[in-house]
Amino acid sequence: TGHQAMIFFIALTAGVTEELIFRGYLLTRLSQWFKNEVAAVIVSSLLFAALHYKYGNLRELIFTFLIGMIFCIYYVKYRNIKAIIVTHFLIDYINMNLAAHLKLK
């Protein structure tokens, strides 16, 4: 359906663009700027969570911060953004489908 196509498109574009920005660009630049990967991971993850503040509750902000930390640590260790993009897409796709399904009931 059109609804599923829209969910797929939103999840895909969010996964690709957010990971290219937050892990591919921002984390790399912050690491160079701070000369400290731990500080870069924390700041990048805080900014990632701040981007998602619209979710409105503390639990989801903490979850987003922790996911940001995991993604950053993975990226620092493996320098593989493709796996993070796929994981981000799946998280968004599943969450949006669950939200849509629960709204329909």
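Accessible areas here come from the Shrake-Rupley method with a 1.4 Å probe, and for residues, only the protein chains shown count as cover. By that method the protein chain has an accessible surface of about 6900 Å², and 73% of it belongs to carbon and sulfur atoms. Before we go on, note that this is a predicted model: local features need pLDDT of at least 70, side-chain atom pairs count only at pLDDT 80 or more, and totals for chains, interfaces and linings use all residues. Residues are numbered from 1 along each chain as its sequence is written, and side-chain values use heavy atoms, with hydrogens and water left out.

So what is the chain built from? There are four helices and zero strands, where helices (H or I, at least four residues) and strands (E, at least two) are DSSP runs, numbered from the N terminus. Of the 105 residues, 30% count as buried; buried means under 20% relative accessible area, exposed over 50%, and partly exposed in between (1.4 Å probe, protein chains only).

Now for the inside. A nonpolar core is a set of buried Ala, Val, Leu, Ile, Met, Phe, Trp, Tyr and Cys residues joined through side-chain atoms within 4.5 Å. The largest one here has eleven residues, among them L27, V41, F71 and I84. Two or more of its residues come from each of α1 (2-34), α2 (37-51), α3 (58-78) and α4 (81-104), and α3 gives the largest share, with four. Take V41: setting aside neighbours within four places in sequence, V41 is in contact (heavy atoms within 4.5 Å) with L27, M69, C72, I73 and V76.

Rings of Phe, Tyr and Trp (its six-membered ring) pair if their centres lie within 6.5 Å; planes under 30 degrees apart count as stacked, over 60 as edge-to-face and the rest as tilted. The whole structure holds six such aromatic pairs. In one of them, F22 and F48 sit edge-to-face, 5.3 Å centre to centre with 75 degrees between the planes. That pair links distant parts of the chain, since F22 is in helix α1 and F48 in helix α2, 26 residues apart. F22 is buried at 9% relative accessible area, and F48 is buried at 2%.

Y74 and Y78 make a tilted pair, 4.8 Å centre to centre and 45 degrees between the planes. Both lie in helix α3, four residues apart, about one turn of the helix. Y74 is partly exposed at 29%, as is Y78 at 48%. Finally, ring pairs join F8, F89 and Y93 into a cluster.
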